[in-house]
Amino acid sequence: MRGKRLYLACNIVKNWSSYLLGVPQPVPVGYVIIGTTFHCNAKCIMCNIHKLYKEKPGLCNNELELPALLEKLKESEVIKKINHIDLTGGEPFIKEHLDDFIIGLFRLPNINLVTINTNGLLPDKIISAVSGILKSLPNGKFFSVSVSMDGIGEVHDRIRGIEGAFDRVEKTLAGLKDLRIEHPDFTIRSNAVIQPENIDHLGELKKYWGENKIAGAFGLIQTPFYTLSRDAGCNSVPFGKDDIQKIKSIGPKSKGADYYLDHNCNRPLHCFAGYASMFIDPFGNVYPCNFLAEREDYQMGSIKADPVDAVWTSRVARDIRAKVKKCPYTGCWNGCEVDQTMIQFEPIERVVKAMTLGMLSYYKMKKLNNFQ
Ligand code: SF4
Ligand code: SF4
């Protein structure tokens, strides 16, 4: 454990050096996010991914197949240094060979956690795949499934654009809970996107999670390029003052979220996307974060054409990191990147507190009073 902490601390120092001086190469200290596919069987009102292949049917042939992706990851020294991979979509469980891919990820040297996000609309397929993965899960490695739930019953169906979606999600969750009887370390989560359509129903959802013993989490709606909401951009925040009070009243969401909400939805810390993390889209393109995915001017390279390490250490990647330091999306609260960024700032907070015997806090000095 001590060795792991020291290793993490060294990588955080490396990343700060890379951030400030441009050398050495940074190390993804959090996780790598992989968009497995842009196929999706939902029709969510806050996301246009489900329209992509209807509008451009030939494009789906460009997706990287998961066995090929696994080979690319196996060859990478950068990937060998990380311990957590997060899988997203589209709907990942639609993608062919997903279960074998996940089993293969767990065989990578340092990977001890794989998380996956699903809309839960394919109960039988999801339960069967997860059952197979859990049966082959090596000891000491952890698998976590997060099922989207934006409201109860009709609210969820309306947001996801599918009649009966809520019933299917409930069936998925019930099946996953059954699997947990034999695999107590298996983690099931649920997550909701707070948006104008469910802002008056958040309490019901929280109560439902509590009554059904589901670990639920709220995230704030954003309009990233990843969801192909190009018109909106990352700076659009659809909440007024009343909405913000409603959001705050359901309790803490994540570190710093209250600060963000109290300060006109402005991100309080520099973002470390592209230093502490990377995003690989379904076509094998690499970006600093999932929010900037599909913007060509933020594409670090393609792992279809080049090895992962060549893309990560390329001159283009270095230039894009310089752009991330001045990321124009100051209103971005990307739940996936907040944790990665916090990993980078946490040691500064600890050192300041230790050196002043708890009298000073880095966050408080930055006037981030609600940040802990
Ligand atoms: S939010 Fe997720 S489930 Fe909904 S359309 Fe987008 S990718 Fe599909
Ligand atoms: S602030 Fe960070 S996570 Fe948000 S869009 Fe910019 S680089 Fe991506």
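How many residues surround ligand 2, and which are the closest? In this predicted model, 14 residues surround ligand 2, the closest being Cys271, Cys289, Cys327, Cys332 and Asn334, where a residue is near a molecule if its C-beta atom, placed from the backbone, lies within 6 Å of it. By class, this shell holds eleven nonpolar, one polar and two charged residues; Ala, Val, Leu, Ile, Met, Phe, Trp, Tyr, Cys and Pro count as nonpolar, Asp, Glu, Lys and Arg as charged, and the others, Gly among them, as polar. Around ligand 1 the residues include Cys40, Cys44, Cys47, His50, Glu91 and Asn119, and that shell divides into five nonpolar, five polar and one charged.

Residues are numbered from 1 along each chain as its sequence is written, while chains are lettered from A and ligands numbered from 1 in the order in which they are written. Because the model is predicted, local features need pLDDT of at least 70 and side-chain atom pairs count only at pLDDT 80 or more, whereas totals for chains, interfaces and linings use all residues.

The protein has 15 helices and nine strands, which are DSSP runs numbered from the N terminus (helices H or I, at least four residues; strands E, at least two). Its radius of gyration is 20 Å, close to the 21 Å that the globule rule gives for 372 residues, so the protein is as compact as a globular protein of that length; the radius is taken over C-alpha atoms, and the rule is 2.2 Å times the number of residues to the power 0.38. Of the 372 residues, 38% count as buried, meaning that 20 or more other C-beta atoms, placed from the backbone, lie within 10 Å of the residue's own, as against 12 or fewer for exposed and partly exposed in between.

Helix H6 (residues 123–135) shows how burial can be arranged along one element. The buried residues of H6 are Pro123, Ile126, Ile127, Ala129, Val130 and Ile133. They cover an arc of only 170 degrees around the axis, which puts them on the same side of H6, the arc being that of the directions from the helix axis to the C-beta atoms. On the other side of H6, Asp124 and Lys135 are exposed. Among the elements covering the buried residues are helix H5 (98–105) and strand S3 (113–118).

Ser18, in helix H1 (residues 2–21), counts as buried because it has 20 C-beta neighbours inside 10 Å.

Terms used
Contact = placed C-beta atoms within 7 Å.
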